[in-house]
Amino acid sequence: MISIWLFIGISLLVNGALILGAGIKQILYPPANPTVVLFSLHANAWWGGFLFLLGLFYCIHFRPKRTH
Amino acid sequence: MMPLAAMFVETRLVHMSAIDIAIVAFYFILVLAIGFYLKGQANTGEDFFMAGREMTSWVAGLSFLSANLGALELMGWAGSAYQYGILATHWYWIGAIPAMLFLALVMMPFYYISKTHSVPGYLNLRFGEPSRILSAVCFAFMTVLMSGVNMFAMAKVMQIVLGWDLNFSIWISSLTVAIYVALGGLRSAIFNEVLQFFLIWAGALMIPVLGLYEAGGWTNLKAEIAHRFSTQYVHLWSGLGHFSSNPMGINWVGIVFGLGAVISMGYWTTDFLVVQRILAAKDLRSAEMAPIIGAGFKMLVPLIVILPGLLGLAVLPMHLTGEAQAAVTGGHSYNDVLPLMLARYCGPGLLGLGITALIAGFMSGMAGNVSAFTTVWTYDIYRPLINKRATDAHYVSMGRWTTVIGVLISVGTAYLVMQFASIMDYVQALFSFFIAPLFGTVILGMLWRRASNWGGFWGLLCGTISSVGMWTWVKLDPTALRYVALSPDAKGLAQDMYQALWSFLVCVIVTVVVSLMTKPKPAAELNGLVMGLTEVPHVENVAFYQKPIFWAGIVTAVFIALNIIFW
């Protein structure tokens, strides 16, 4: 049976990748009028990166093992 | 709980980008995938209704906490923090932690050893059929109505925050929940609740982090709130000496005895919606550890709920008001504070995750209601009253159909509420009528061997009726609140606390008196149900740091320290 933690890992990995991508895009092409305060901190880039790495760890650690 | 009818204004708070919509869409795909994957694991009654009783303490504990961590709770209590200040934290600390530890260390052995499927099931074993039927019917009725109210509230929030159509939100969420719970049963609901737990933290944690950065730290935040409002907004206990010396209009007696000793005990130890998650634990040690793990995380929840409300007091340029005033002025209400803070700090991607966290909270709350309703209907109403001798496969089939029917009743309730908004407040009040007396009945049943069958039944009934009576009295004559809450300065929340306290006392007194006048249950029939007549297996052969009592001590120490720090 697939572990619940693998589903958590997939969720964090995919969401982290999407948020990180959005953050990197904003760093490369900053909007003329940012809609959020503290835009200069680029929270979506580093928080997305953290979620991506955490999700990657969960996916690897809780991947289904082959049994013989 | 917040009055739901008053949660909404006709404005659209945030605009989602394509990446935000992709994150929301991925959540729906993932929860459905979990439901389809778990379909093959829900073939027996134990699998479908009790998740096979094989959950680890972590899964059961996080699910136990998540079942309560709905989006209405998040938005409502963030709004309360803006309205009342740090006092709202009491609902997360003294209003939860002692009850969770009490459940773990005192009550869980009896629930677990009796192998009951539900809280009404325990009442059947302890007090007989009439008590079981009374509690099961009340619970099933209220749960399915609450689910409908939550569904409508979610749709309304999505309309306000995102501009989504009400019908779209109601049907997309209800169909998703119906599919994944009907397919995978309680296990599917629990898996999605754990997923929701992670999404809520991932989606909401940026608000306090960035908010504290903007405010210049906790000390500056307190100073700014004191400057703009009052110093009482940042003190947990020092303003509770009298009803009029704090923004909430309540005193320490109401908080300690009404909230801490009755309401929270009733909710966290006898509401089957949350207790069902613990009953799915794989062994007694896991069942005891699960509420302790839940308590540990519960203490942290104010970080993502209360702190955003306090930050709103300090950094938002506009002044939030009550619903009625906001509707007249076209401004924002207290309950908008969390979406406003989300929009303030969260750019593309983070906004989608925050919105997903809210949707996940709504849906898992609905799934929790539906899965608990399904179990109580099938095991505590259908089986004893309608079809006693069916096969296990028949009851599983009944469970799947009840899930779908329960969701449809919830949808019907949601549309009813759409027509008559005041129903929402009535439904929430319904829930509060029952929970405090139920705690009185269950705790006397577990701790007092002399409590008789009729004592339990009449105590529960009279406690509930007294609660309804007090609520009706204040509804018809608002000045009666001074008698219920013992002060002319008392406000609405004080009524909830004192109403619970009195109905609990009525339940206990009636149970004791009737029990002493009627025949007690033979001791042999109380084995496994009552303290003193039950041999509770001790946790042996594990290191001290793996024992529930050790972690309960740690949680207690942190709980006391937090209350002193924020005194």
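**Reading the interface of chains A and B**

Mentor: In this predicted model, 26 residues of chain A are in contact with 36 residues of chain B.

Trainee: How much area do chain A and chain B bury between them, and on which atoms?

Mentor: Contact here means heavy atoms within 4.5 Å. Buried area is another way to read an interface. Chain A and chain B bury about 2,700 Å² between them, and 84% of it lies on carbon and sulfur atoms. Of the area that chain A buries against chain B, 22% comes from Met1(A), Phe7(A) and Trp47(A), more than from any other three residues.

Trainee: How many salt bridges and polar contacts are there between chain A and chain B?

Mentor: The count of salt bridges between the two chains is 0. Residue pairs in polar contact, both at pLDDT 80 or more, number 4.

Trainee: Which elements of chain A give two or more residues to the side that touches chain B?

Mentor: They are α1 (4-28) and α2 (43-61) of chain A. α1(A) gives the most, with 13 residues. By class, that side of chain A has 21 nonpolar, 5 polar and no charged residues.

Trainee: At what angle do α1(A) and helix α8 of chain B cross?

Mentor: For a pair of helices, read the axes, then the handedness, then the residues. The axes of α1(A) and α8(B), residues 166-204, come within 10 Å and cross at roughly 35°. The crossing is right-handed. Residues making the contact include Phe7(A), Ile8(A) and Leu12(A) of α1(A), and Phe191(B), Leu195(B) and Phe198(B) of α8(B). This contact has 10 nonpolar, 2 polar and no charged residues.

Conventions:
Residues numbered from 1 in each chain as written. Chains lettered and ligands numbered in written order. Predicted model: local features only at pLDDT ≥ 70, side-chain atom pairs only at ≥ 80, totals over all residues. Heavy atoms only, no water. Buried area = accessible area lost by both parts, 1.4 Å probe. Salt bridge = Lys/Arg side-chain N within 4 Å of Asp/Glu carboxyl O. Polar contact = N/O pair within 3.5 Å; in protein donor to acceptor, adjacent residues only side chain to side chain. Helix = DSSP H or I, 4+ residues; strand = E, 2+ residues; numbered from the N terminus. Nonpolar A, V, L, I, M, F, W, Y, C, P; charged D, E, K, R; others polar. Axes fitted to C-alpha atoms, helices over the stretch in contact; angles between N-to-C directions. Left-handed = near helix turned anticlockwise from the far one by under 90°.
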